[in-house]
Amino acid sequence: MEAGLVELYRVTGERRYLDQAAKFVARRGQRTLPEHEFGWQYFQDAVPVRNGEVSDATRLERLLPGLKDLANRGAKVIVISHFGRPKGGPDPQFSLRPVADKLSKLIGRPVTFAPDCIGEVAEKVVGSLTPGDIAVLENLRFHKGEEKNDPGFAQALAKLGDIFIGDAFSTAHRAHASTDAITRLLPSFAGPLLMEEVAALRSVLDNPQRPVAAVIGGAKVSTKIPVLTNLIAKVDKLIIGGGMANTFLLAQGVNVGKSLAEPDFAETARRIMHDAKARSCEVVLPADAVVAAKFEAGAPSRTCPVLEVPADQMILDVGPKAVAHYTDVLSRCRTLLWNGPLGAFEIAPFGEGTFALARTAAAATEAGRLTSVAGGGDTVAALNAAGVTDKFSYVSTAGGAFLEWLEGRELPGVAALAV
Ligand code: AMP
């Protein structure tokens, strides 16, 4: 068995990957070519680009170890990815050229850019690569076949490489040509980042150390009903904050003034609380709140019990009593899963509740008392603002895929790699 290929999957700790890799290498027999003639990596989606430049390189930085590993082993690494929602044709504002430029700077070696991801243009660029070279191909979504999971498009992609490595957990909830169809055409493996993400999520939902708490915040109940329904069957404490807590309060007959709330979902909130009780999952709601008359930075605000929200005010954050209660609940838990801010954290001073609980969770994690996994775009921004992202056990940058996992759904891009 060739050590390199196997080593790449060692992070998984799963025999299946080693077996797959071994079989693949055995089929190849005595090869004179480098270990990977072609490796494939896949950017996580939505590396943000503004004015032709990558504005936040977090997702790219996370890919560097895997990319470097492949290149250092003499692979010709072809990076395929998507960005934004172009309408199935070329659109310069969604070009991946800035991503190739940024990647080159980050990785400290030239990165070739191919202005198309299939056909002659791509084949020429790929044909010019030497072992250890990296190329980024243009946005996959410039071809309609990508989102249609079209076998013909997948075939055109597969022609360029010998091995497919799926390393984008954040796109794994879509069955697209580059996450699904291609895996039926090339020997396919999960990359280190995707494996890390799946392992982290399994550690909190499949066989966690109990008690387990989930902190679910964010704007609306309506977008997270399947998440809440799935979690009450899995966690011991469901801590609810953010705008969505208002609908739960409303469901209990609390007057929430001008707060963001969804009266149409009060019944759903009641059902979730009822089902949670039947499953011995404790739903924890805020006892007090920070209220203001306007959703505005610096708006005059004050703290009050949730039972006393004035009719002309809105709840924009959880209050200190709520934070103390959440902290107490968390101090008795061994595992934490967090999605969604507890308040309108983007505007001061309404991030304090979120930041305080984030700091508590980070300290408990550092002290070895808690395994903490958080995810979702706003959540990551909130943890960044609190300065604790790297103190959590794992922070997922995936948005939709993270939520679908919390809903208990099978993700096509993970299933295709038999992770
Ligand atoms: P989500 O995408 O559902 O996780 O929601 C995140 C958004 O919820 C953030 O932009 C927050 O500003 C917003 N949010 C959280 N709490 C409140 C609240 N009490 N009132 C209004 N918006 C809120």
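Sorted by class, the residues lining the largest cavity come out as six nonpolar, five polar and one charged. Here Ala, Val, Leu, Ile, Met, Phe, Trp, Tyr, Cys and Pro count as nonpolar, Asp, Glu, Lys and Arg as charged, and the others, Gly among them, as polar. The model is a predicted one, so to speak of local features takes a pLDDT of at least 70 and side-chain atom pairs count only at pLDDT 80 or more, while totals for chains, interfaces and linings use all residues. Residues are numbered from 1 along each chain as its sequence is written, and side-chain values rest on heavy atoms, with hydrogens and water left out.

Back to that cavity. A search of the whole structure turns up two cavities of 30 Å³ or more, and the largest holds about 80 Å³ of space. Twelve residues line the largest cavity, and Phe164, Gly166, Ala168, Ser178 and Thr179 are the closest to its centre. On a 1 Å grid over the protein atoms alone, a cavity is a set of points where a 1.4 Å probe fits but cannot get out; a pocket is an open set with protein on both sides within 12 Å along at least five of seven lines, and lining residues have an atom within 4 Å of a point. Grid points are joined across faces, edges and corners, and a volume is the space filled by probe spheres set on the points.

The largest pocket has a volume of about 620 Å³. Its lining counts 38 residues, with Gly218, Ala219, Lys220, Pro341 and Asp378 closest to the centre. At least two lining residues come from each of α10 (242–251), β14 (314–318), α14 and α15 (400–406); helices (H or I, at least four residues) and strands (E, at least two) are DSSP runs, numbered from the N terminus. By class, this lining has 17 nonpolar, 15 polar and six charged residues.

Of its 15 lining residues, Asp56, Thr58, Arg59, Gly377 and Val380 lie nearest the centre. Helix α14 gives the largest share of this lining, four residues, and α3 (58–72) also supplies at least two.

As for the aromatic side chains, the whole structure contains three aromatic pairs. Rings of Phe, Tyr and Trp (its six-membered ring) pair if their centres lie within 6.5 Å, and planes under 30 degrees apart count as stacked, over 60 as edge-to-face and the rest as tilted. Phe83 and Phe94 have ring centres 5.8 Å apart and planes at 70°, so this pair is edge-to-face. Both residues sit in the loop between β4 (76–80) and α4 (97–107), eleven residues apart. Phe83 and Phe94 are both buried, meaning under 20% relative accessible area, with exposed over 50% and partly exposed in between (1.4 Å probe, protein chains only).

Trp338 and Phe392 make a tilted pair, because their centres are 6.4 Å apart and their planes at 55°. This pair links distant parts of the chain, 54 residues apart: Trp338 is in strand β15 (residues 335–339), and Phe392 is in the loop between α14 (377–386) and β17 (394–396). Trp338 is buried at 1% relative accessible area, and Phe392 is buried at 5%.
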